[in-house]
Amino acid sequence: MRGKNRQTDYSVALAGNPNVGKSTIFNALTGLNRHTGNWTGKTVDCGFGIAKIGGKLFKLTDLPGTYSLNSFSEEERIAKDFLLNNNPDCVIITLNSNAIERNLSFALEVLALKKNAVVCLNLSDEAEKNGISIDSKKLSDLLGVPVIKTSAVKKDSLKKLKSVMREACEKSGHSESANDLDTAPSTDTRVLHILSRQICEKCVTKSDKRRVDERTARLDKILTSKATGIPIMLALFALLFWITAIGANYPSELLGTFFDFIKQKLYDLFELMNAPGFLTGILIDGIYTTLSWVVSVMLPPMAIFFPLFSLIEDSGYLPRIAFNLDKAYNKSGVHGKQSLTMAMGLGCNACGVTGCRIIESPKERLIAVLTNNIMPCNGRLPILIAIITIFFTGTAAGLLGSVKTALILLLVIVICVLITLLVSKVLSVCLKKESASGFLLELPPYRKPQFRKTLVRSILDRTIFVLGRAAAVAAPAGAVIWLFANIYIGDSSILKHCTDFFEPFGSFIGLDGVIVMAFILGFPANETVIPIMIMAYSASGVMSDFTSYSELSAMLSANNWSAITAVCMIIMTILHFPCSTTCLTIKKETGSLRQTLLSMLIPTALGIILCAITANIMRMFL
Amino acid sequence: MENIISLCDLSINKNGTVTEIKCKPKLKNRMSDLGLYEGAEVCPVMKSPFDDPRAYKVNDTLIALRNSDAKQIKVKPGD
């Protein structure tokens, strides 16, 4: 049985070691935008896409990167199952020409399962710079499959890949015996290594020129050394936060002014149409205000941070962070790769949780999943920036102020890392004993990111993503809050009843009823926490447009916010239940409702306890 | 003179040949996938800021290993 569906003519799978550029080739063939990055484990699930070549439709599957097909890990099982059960017409085995010997073992292993394959010597330009030259003709003869050199950034090599792939697929229709065990090579890794070495001796020549390796060694000397490794890492993140904080200011202001202008026009229009007050209220005060807040204040920092972070990912620096910090993780009884998933959590916790698949030991993976939410995601960073700017650096502080904001934010993130390590340590002691999986991490060579492509693509991606979420979540949230604020039971609104209910608890932990409500209602998306607060506060009297920090600042102080409130707000922003998307992802990844609930309970309980302690200690002194 | 030492004791930029890997089968398999198997050439190239883990050049790639794991790997130092 062939794994084709009716709409497409052929099914093709992309297999290879981690970080050899499978996703980049997949994107180039399908025109899709799978996220790519220069580190092992960037892609941990299958991607699907369609390519049209010469009038035929090809269904492409981008398999997760694996070092072998022994089924030790989840990704390997997925990849092997796909090759065996879906029986694609052709497999594109993508190899890193730079580490050809090891990659060839994998190719031989795949060829033992699937004969109809195309070998793609990727990163061939990098290998050439490193003095490695491969005789692809000879290799093709030895392996019995077509071999082509590619470099994902070059167009003509892709054209060739397309035509070779098509030929291979067409051929597969005629010869059905895809898995002839008699002539298949062994899957014993030892035999594969020896075979791979023999093949390399025949068709690979190396010169002394090692330009890429030398550059990597030079950079590593600075980026991982005892004296400079950690300081540079901190400085890099400070820079990242600073660019985010200062860069977001201008678009925020522009967008804010623009949205205010439109809002006035909308009011005029509604008045002209004699619209009922209810409609004006729910549409403009409810939906429009919330939407414009999310777009003007939350979107700019997100659309700046994410692309910059993608550049760091592309460069190959992330695995060095894991390398630099592993000792601390080791002491906490967890895996150094957890710092990779935490870094991803800074972008999006749902992605961070999925990324935990790169950790092999079930116990260490579970801990990484349960603690991922402690790293504030892209949707929460703007809240932190807003609160820090308003209460600790001042809205009119200019350039110096933004540096201060960035440094305070860096401190907050460092504290997040420390809390994560502490919670991990406690969990690792509490959870049932299991031996550690050992630390094995590949450090890829540094690569120059494709600045323009990465920036443009991820700014667009992020903007569309946030706008989509804003429309799906912020708009309904705005409507609901407006209704809550304007439907009266007795002599006060539902919202007032709710916030009054939470008020004693809220003030005990240094917050107030409105903030507690905002976090609860912000469960679908944390971007809406501040807009919900604004709605709730403005419903209780003060009416104005709040699209800039200074206006927000005025509103917060009018509602009795103090430094204590600000500190507790920061704690609560970091330590509360994950958003609904992340919770669903945790449920999917762990397959356990209990662990999902645990992942909500741990940060929330910690947040409440920390807030209560902080608030009550600060009250003694302030 | 045959002197077999642990990989974690091999000094930086010294070549060695793996003679024995005493890790648990699962980790041993993983190491083997990454090119670290009996008979492979290995060379420590750098330490992380806290001395552990270290990074090793194996078969044209750079692999980070904790010292506790490297202790289980026996190597014969080269020249």
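Biologist: Which strands does H3(A) lie across?
Modeller: In this predicted model, H3(A) lies across E1, E4 and E5 of chain A. H3(A) runs at about 165° to E4(A).

Biologist: And H1 of chain A, what does that one lie across?
Modeller: Helix H1, residues 22-30 of chain A, lies across strand E1 (10-16), E2, strand E3 (56-62), E4 and E5 of chain A. The angle of H1(A) to E2(A) is about 45°.

Biologist: What's the strand order in that six-stranded sheet of chain A?
Modeller: E2-E3-E1-E4-E5-E7, all from chain A, in an open sheet with mixed pairing. Strand E2 (47-53) and strand E7 (147-149) are the edge strands, each pairing on one side only. On average, neighbouring strands of this sheet are turned by 25° against each other, direction ignored.

Biologist: Take E4 and E5 of chain A. Parallel or antiparallel?
Modeller: Parallel, over six bridges, between strand E4 (residues 90-96) and strand E5 (residues 117-122) of chain A. Within that pair, A:Ile92 stands opposite A:Val118 in E5(A).

Biologist: Now H6(A). What is its reach from first C-alpha to last?
Modeller: Helix H6 of chain A, residues 155-172, reaches 26 Å over its 18 residues. That is close to the 26 Å expected at 1.5 Å a residue.

Biologist: Which residues of H6(A) are buried?
Modeller: A:Ser157, A:Leu161, A:Met165, A:Arg166, A:Ala168, A:Cys169 and A:Ser172.

Biologist: Why would residues three or four places apart point the same way?
Modeller: An α-helix has 3.6 residues a turn, so positions with that spacing point the same way.

Biologist: And what covers the buried residues of H6(A)?
Modeller: The cover includes E1, E2, E3, E4, E5 and E7 of chain A.

Biologist: Changing topic: what does the domain assignment of chain A give?
Modeller: Domain 1 is 10-209, and domain 2 is made of 229-433 + 444-621. The C-alpha centres of domain 1 and domain 2 of chain A lie 40 Å apart.

Biologist: How many residues of domain 1 of chain A are in contact with domain 2 of chain A?
Modeller: Twelve, and they are in contact with 16 residues of domain 2 of chain A. On the domain 1 side, the residues divide into two nonpolar, seven polar and three charged.

Biologist: On to the two chains. How many residues of chain A are in contact with chain B?
Modeller: 28 residues of chain A, against 27 residues of chain B. Helix H3 (100-113), helix H7 (189-203), helix H9 (229-272), helix H11 (318-331) and strand E9 (440-443) of chain A each supply at least two residues to the side that touches chain B.

Biologist: Which element gives the most to that side of chain A?
Modeller: H11(A), with five residues. By class, the side of chain A that touches chain B has nine nonpolar, twelve polar and seven charged residues.

Biologist: How does E9(A) pair with E5 of chain B?
Modeller: E9(A) pairs in the antiparallel sense with strand E5 (residues 61-65) of chain B, over four bridges. A:Leu441 has B:Ala64 in E5(B) as its bridge partner.

Biologist: What sheet is E9(A) part of, then?
Modeller: An open, antiparallel sheet of seven strands, ordered E9(A)-E5(B)-E4(B)-E3(B)-E2(B)-E6(B)-E1(B). The edge strands are E9 of chain A and strand E1 (5-6) of chain B, each pairing on one side only.

Biologist: How many bridges between E2 and E3 of chain B?
Modeller: Two, in the antiparallel sense, between strand E2 (residues 16-21) and strand E3 (residues 41-47) of chain B. There B:Gly16 stands opposite B:Val42 in E3(B).

Key: Residues are numbered from 1 along each chain as its sequence is written. Chains are lettered from A and ligands numbered from 1 in the order in which they are written. This is a predicted model: local features need pLDDT of at least 70, side-chain atom pairs count only at pLDDT 80 or more; totals for chains, interfaces and linings use all residues. Two residues are in contact if their C-beta atoms, placed from the backbone, lie within 7 Å. Ala, Val, Leu, Ile, Met, Phe, Trp, Tyr, Cys and Pro count as nonpolar, Asp, Glu, Lys and Arg as charged, and the others, Gly among them, as polar. Two strands pair if DSSP finds at least two bridges between them. Domain bounds come from an automatic or database domain assignment. Axes are lines fitted to C-alpha atoms, for helices over the stretch in contact, and angles run from 0 to 180 degrees between N-to-C directions. The expected span of a helix is 1.5 Å times one less than its number of residues. A residue is buried if 20 or more other C-beta atoms lie within 10 Å of its own, exposed if 12 or fewer, and partly exposed in between; C-beta atoms are placed from the backbone.
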